[in-house]
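Please keep the sequence and the coordinates at hand while reading.

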Amino acid sequence: MATNYYQRYLAEGRCTKCGGYLPEGYRYKECDCCREHKKVLRKRKKAEADARKEAGKKAAKKPGYTLDELSRMARERGISYGQLVCELDGSGS
Ligand SMILES: [Zn+2]
């Protein structure tokens, strides 16, 4: 079982991830290599989550404008709602 293996490695002073022997008095449960790997994974996960959030924001309606506001703006400019949305998209806002 995963827990037994973890406990055993922990008791033996080995990296709980790869089982590599750790230096005496090492203060981490995992070796440098595994900790580095974990850090990279975490960073990548965060970057992915950020990218997803960013994509979600872009997919959402224009921030700050309600549908009513958009149609009113379109009316004021004498263009259609669709044209206004295209215009806003084009300006990169
Ligand atoms: Zn390791």
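## Secondary structure and overall packing

The secondary structure of this predicted model consists of four helices and zero strands, and the order of the elements, read from the N terminus, is α-α-α-α.

Burial across the protein can be stated as a share: of the 93 residues, 4% are buried. As for contacts, when those between residues at least 6 apart in sequence are taken together, 3% of them join residues at least 24 apart.

## Confidence of the prediction

The mean pLDDT of the protein is 87, and 89% of the residues reach a score of at least 70. Among the elements, helix 2 (residues 32-59) has the highest mean pLDDT, at 91, whereas helix 4 has the lowest, at 83.

## Helix 3 and helix 4

How do the axes of helix 3 and helix 4 cross, and within what distance do they come? The axes of helix 3, which spans residues 67-77, and helix 4, which spans residues 81-90, come within 8 Å of each other and cross at roughly 100°. Because angles of 65 to 115 degrees count as roughly perpendicular, helix 3 is described as roughly perpendicular to helix 4.

On the side of helix 3, the contact is made by Leu-70, Ser-71, Met-73, Ala-74 and Arg-77, while helix 4 contributes Tyr-81, Gln-83, Leu-84 and Val-85. By residue class, the contact of helix 3 with helix 4 comprises six nonpolar residues, two polar residues and one charged residue.

Just after helix 3 comes Gly-78, which takes a positive phi of about 70°.

Glu-12 is located in the loop between helix 1 (2-11) and helix 2. Is this residue, Glu-12, buried or exposed? Glu-12 has 12 other C-beta atoms within 10 Å, and because a residue with 12 or fewer such neighbours counts as exposed, Glu-12 is exposed.

A further relation concerns Glu-12 and Leu-22, which are separated by 10 residues in sequence and, from C-alpha to C-alpha, by 9.1 Å in space.

Notes
Residues are numbered from 1 along each chain as its sequence is written. This is a predicted model: local features need pLDDT of at least 70, side-chain atom pairs count only at pLDDT 80 or more; totals for chains, interfaces and linings use all residues. Axes are lines fitted to C-alpha atoms, for helices over the stretch in contact, and angles run from 0 to 180 degrees between N-to-C directions. Helices (H or I, at least four residues) and strands (E, at least two) are DSSP runs, numbered from the N terminus. Angles under 35 degrees count as roughly parallel, over 145 as roughly antiparallel, 65 to 115 as roughly perpendicular and the rest as oblique. Two residues are in contact if their C-beta atoms, placed from the backbone, lie within 7 Å. Ala, Val, Leu, Ile, Met, Phe, Trp, Tyr, Cys and Pro count as nonpolar, Asp, Glu, Lys and Arg as charged, and the others, Gly among them, as polar. A residue is buried if 20 or more other C-beta atoms lie within 10 Å of its own, exposed if 12 or fewer, and partly exposed in between; C-beta atoms are placed from the backbone. pLDDT is the predictor's confidence in each residue, from 0 to 100.
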